[in-house]
Amino acid sequence: MGRIRGWRLMPAVVVAVGLLAACGEDSTPTSTSPTPGAIPTLDSATQVTITFLSYNYGTPGLGGQGTQALIDAFEKAHPNITIKPQGVPVKDVLTKLRTDTAAGTPPDVAQIGWSKMAEAVEALPVVPVQQIPPEAEWKEHTAGMSPRILSAVADDGLVKSMPYTMSIPILYYNADLFRAAGLDPAKPPATIEEVREYALAIKAKGSEGVYYAIADTSKSDFLTQSVVNSNGGSLVGGDGEVTVDSSAAVQALTTMQDLTTSGAQPAVNSDSAVAAFNSGKLGMLVTSTALMAGAQKAADGKFELRTAGFPAFGDKPAKPTYSGAGLAVLARDDAHKRAAWEFIKFVTSEEGFEIITSRIGYLPLRDSVATKLADTPIMKLLEPSISQLDTVTPYTSFNGTKANQAVVTLQDEAVEPIVLRGADPGPTLASAADKIRRLTA
């Protein structure tokens, strides 16, 4: 399966949080690949400035603030290394990286979404992060992280991009709007059928009912995969074949379309829906846990925010997939590679993940952080997602160097027209599938 093997098989269940340690697994990952030419620590007198491309940086919400907090804390701890951040919308990350690489000015570190990582590793001069530090230093740093997550993202035993931000979809709901509609906030919907019922009850009282952020403005397909997976389908088959037009996928998107045509869901883009939920005008929102800190802040003093697990299709198990990003190194000389590693090492340390979880809302990738934050409000809101980790389905990537273009084709030419504009699901998915097959052949 080549370079994209890791992102096809990566089990998001391991992000959670201390569950694997209870199973008696060794918490120290085994390095199966050598680190030839490993770069020693920078001399403290050596001043280095590295560029960091990030889709969280500079955003107006807590994602931007949390990223700035990471940069500030790192620079305080490493006065000889300066971070020059670049904010780029998530949908434009690969285009920007390709353009800058062609111009000979790639960033030293890039935050790349999992939906785009396979293509990035295939098409860009990514420096395997595991090969930058000496092996002993790599083992020491990764000892607190699950060995499964590191081995799953590895290609032939080599971790090329560092797991950084991880989230899975969750159902946010406004308990006040539940009460106004005669619904019990202690009994949130567990299935898509119940979601529709609850949403129409909320709609009847004058507010919008539900929104599945499947027509994602960032052009990511993690929620599309989650919906199709939960209906027993997939977007990519076991041997890499394109299956976006399977009967399970058609049925799943037909169900999403019905939410809109029934009036249970407004026909708006995902940004508008998030704004509506945060202002108390939308009863339920199904989207990434990465929005948790922002939703918390918006709800404070306005309405009671609660969460529930990703809804199932009838009696089929819910199978959400993960979203988020890894950190890839594209630095070209040893000093910048080593400075890039120091930055990555810091933001994926206990201190870094505490900022990431508490100030943004991504799931912690270190057991110690999950334990430390266990009684905090944000971790309690994340609990429904943590409880579903056993059924999380790995993110699957399309083949080849046009994998991201295939995702954009799926989202723009099938998902959005079907869910928001009433396009016929069967023919629309068949047309998109044909284009994707040509792109990934």
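Reply: Leaving aside its neighbours within four places in sequence, Ser-270 is in contact with Tyr-211, Ala-213, Ala-215, Asp-216 and Thr-217. In this predicted model, the side chain of Ser-270 also reaches the backbone nitrogen of Thr-217, at 3.1 Å. Ser-270 belongs to helix H11, which covers residues 270–278, and with a relative accessible area of 5% Ser-270 counts as buried, because the limit for that term is under 20%.

From there one can turn to Tyr-212, which, with neighbours within four places in sequence again left aside, is in contact with Ile-192, Val-195, Leu-223, Val-227, Met-256, Leu-259, Gln-265, Val-286, Phe-310 and Pro-311. Tyr-212 is also, together with Met-256, Met-284 and Phe-398, among the residues with the most contacts inside the largest nonpolar core, a set of 142 residues. Helix H17, residues 403–421, gives the most to this core, with nine residues. In soluble globular proteins, nonpolar side chains tend to be buried together.

Helix H17 has a partner in helix H18, residues 425–440: their axes come within 9 Å and cross at roughly 175°, and the two helices are therefore roughly antiparallel to each other. On the H17 side the residues that meet H18 are Gln-405, Ala-406, Thr-409, Leu-410, Glu-413, Ala-414 and Ile-418, while those they meet in H18 include Pro-425, Leu-429, Ala-432, Ile-436 and Leu-439.

Helix H16, residues 377–387, can be described by its buried positions, which are Ile-378, Met-379, Leu-381, Leu-382, Pro-384, Ser-385 and Ile-386. What covers these buried residues of H16 includes strand E7 (169–174) and strand E10 (305–308), along with the helices H12 (292–299), H14 (350–359) and H15 (367–372).

Elsewhere in the chain, five strands form an open sheet in the order E2-E1-E3-E11-E6, with mixed pairing. Strand E2 (81–87) and strand E6 (162–167) stand at the edges and have a single partner strand each, so one side of each is left without a neighbour in the sheet. Neighbouring strands of this sheet are turned by 20° against each other on average, if direction is ignored. Within the sheet, strand E3 (residues 109–113) and strand E11 (residues 323–329) pair in the antiparallel sense over five bridges, and Ala-110 stands opposite Ala-328 in E11.

Technical notes. Residues numbered from 1 in each chain as written. Predicted model: local features only at pLDDT ≥ 70, side-chain atom pairs only at ≥ 80, totals over all residues. Heavy atoms only, no water. Core = buried A, V, L, I, M, F, W, Y, C linked by side-chain atoms within 4.5 Å. Buried < 20%, exposed > 50% of the residue type's maximum accessible area, 1.4 Å probe, protein only. Helix = DSSP H or I, 4+ residues; strand = E, 2+ residues; numbered from the N terminus. Contact = heavy atoms within 4.5 Å. Polar contact = N/O pair within 3.5 Å; in protein donor to acceptor, adjacent residues only side chain to side chain. Pairing = 2+ DSSP bridges. Axes fitted to C-alpha atoms, helices over the stretch in contact; angles between N-to-C directions. Parallel < 35°, antiparallel > 145°, perpendicular 65-115°, else oblique.
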